[in-house]
Amino acid sequence: MGITKTQMFSEKQNDLAQFFKVLGHPARVAILQYISNQNACICNDLVEEIGLAQATISQHLKELKSIGLLNGEVEGKSMCYCINVERWTAIQDQLNSFFNTTKSNCC
């Protein structure tokens, strides 16, 4: 397997690519939608809501946390997750900047 050439691209390009990669799984989109409609969320709630095994949900949560979209706190034996609003806003700004500067130059 070859070495990735991510260093050839800007930080913003790499950041957006990582964001899209993590959101490339429908379960992660469903998890974000569910959490964004809650005041707080315990992992067991997600198991019931999404219908995947607890270990699978935990792996998806780990991926979402890895790009900073979720904050989590330990509450007893459970984790409580919420949307990281600062990070979400930064991603929205990046997406708006990307799409707002794209020209319509199709043939």
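## N84 and its contacts

N84 touches G68, L69, L70 and N71, leaving out residues up to four places away in sequence. The model is predicted. N84 lies in the loop between β3 (78–83) and α5. N84 is buried, with a relative accessible area of 17%.

N84 and N71 are 13 residues apart in sequence, yet their C-alpha atoms are 5.5 Å apart. G68 and N84 are separated by 16 residues in sequence and by 6.8 Å in space, C-alpha to C-alpha.

## G68 in its loop

G68 sits in the loop between α4 (54–66) and β2 (70–75). Is G68 buried or exposed? G68 is buried, at a relative accessible area of 19%. The cut-off for buried is under 20%.

Which residues does G68 contact, beyond its neighbours within four places in sequence? They are N84 and R87. N84 belongs to the loop between β3 and α5. R87 belongs to helix α5.

R87 is in helix α5 and counts as buried at 17% relative accessibility. R87 touches D15, I67, G68 and L69, not counting residues up to four places away in sequence. G68 and L69 are also among the residues that N84 touches.

How many salt bridges does a search of the whole structure find? The search finds one. D15 forms a salt bridge with R87, and the closest N and O atoms are 2.8 Å apart. D15 lies in helix α1 (residues 11–22) and R87 in helix α5 (residues 85–100), so the pair ties together parts that are 72 residues apart in sequence.

## R28: buried, without a salt bridge

R28 is found in helix α2 (residues 26–36). R28 is buried yet has no salt bridge. Side chains of opposite charge can pair when their charged atoms come close. For R28, the nearest side chain of opposite charge is E63, at 4.7 Å.

What does the side chain of R28 reach at 3.1 Å? It reaches the backbone oxygen of V22. V22 is also in the contact list of R28. With neighbours within four places in sequence left aside, that list holds K21, V22, H60, E63 and L64.

## Cysteines

How many disulfides does the structure hold? It holds zero. A disulfide is a covalent bond between the sulfur atoms of two cysteines. The sulfur of C80 has its closest cysteine sulfur in C82, 6.6 Å away, which is too far for a bond. C82 is likewise in no disulfide, its nearest cysteine sulfur being that of C80. The cut-off for a disulfide is sulfur atoms within 2.5 Å.

Burial separates the two cysteines. C80 is buried, with a relative accessible area of 11%. C82 counts as partly exposed, at 32% relative accessibility.

## S66 at the surface

S66 lies in helix α4. S66 counts as exposed, with 52% relative accessibility. The cut-off for exposed is over 50%. S66 and Q18 are 48 residues apart in sequence. Their C-alpha atoms are 9.7 Å apart in space.

## The chain as a whole

The chain has five helices and three strands. From the N terminus on, the order is α-α-β-α-α-β-β-α. Of the 107 residues in the chain, 25% are buried.

Among contacts in the chain with a separation of 6 or more, 47% join residues 24 or more positions apart. The chain exposes about 7700 Å².

Key: Residues numbered from 1 in each chain as written. Predicted model: local features only at pLDDT ≥ 70, side-chain atom pairs only at ≥ 80, totals over all residues. Heavy atoms only, no water. Helix = DSSP H or I, 4+ residues; strand = E, 2+ residues; numbered from the N terminus. Buried < 20%, exposed > 50% of the residue type's maximum accessible area, 1.4 Å probe, protein only. Lys, Arg positive; Asp, Glu negative; His and termini not counted. Salt bridge = Lys/Arg side-chain N within 4 Å of Asp/Glu carboxyl O. Polar contact = N/O pair within 3.5 Å; in protein donor to acceptor, adjacent residues only side chain to side chain. Contact = heavy atoms within 4.5 Å. Areas by Shrake-Rupley, 256 points an atom, 1.4 Å probe, with all protein chains shown as cover.
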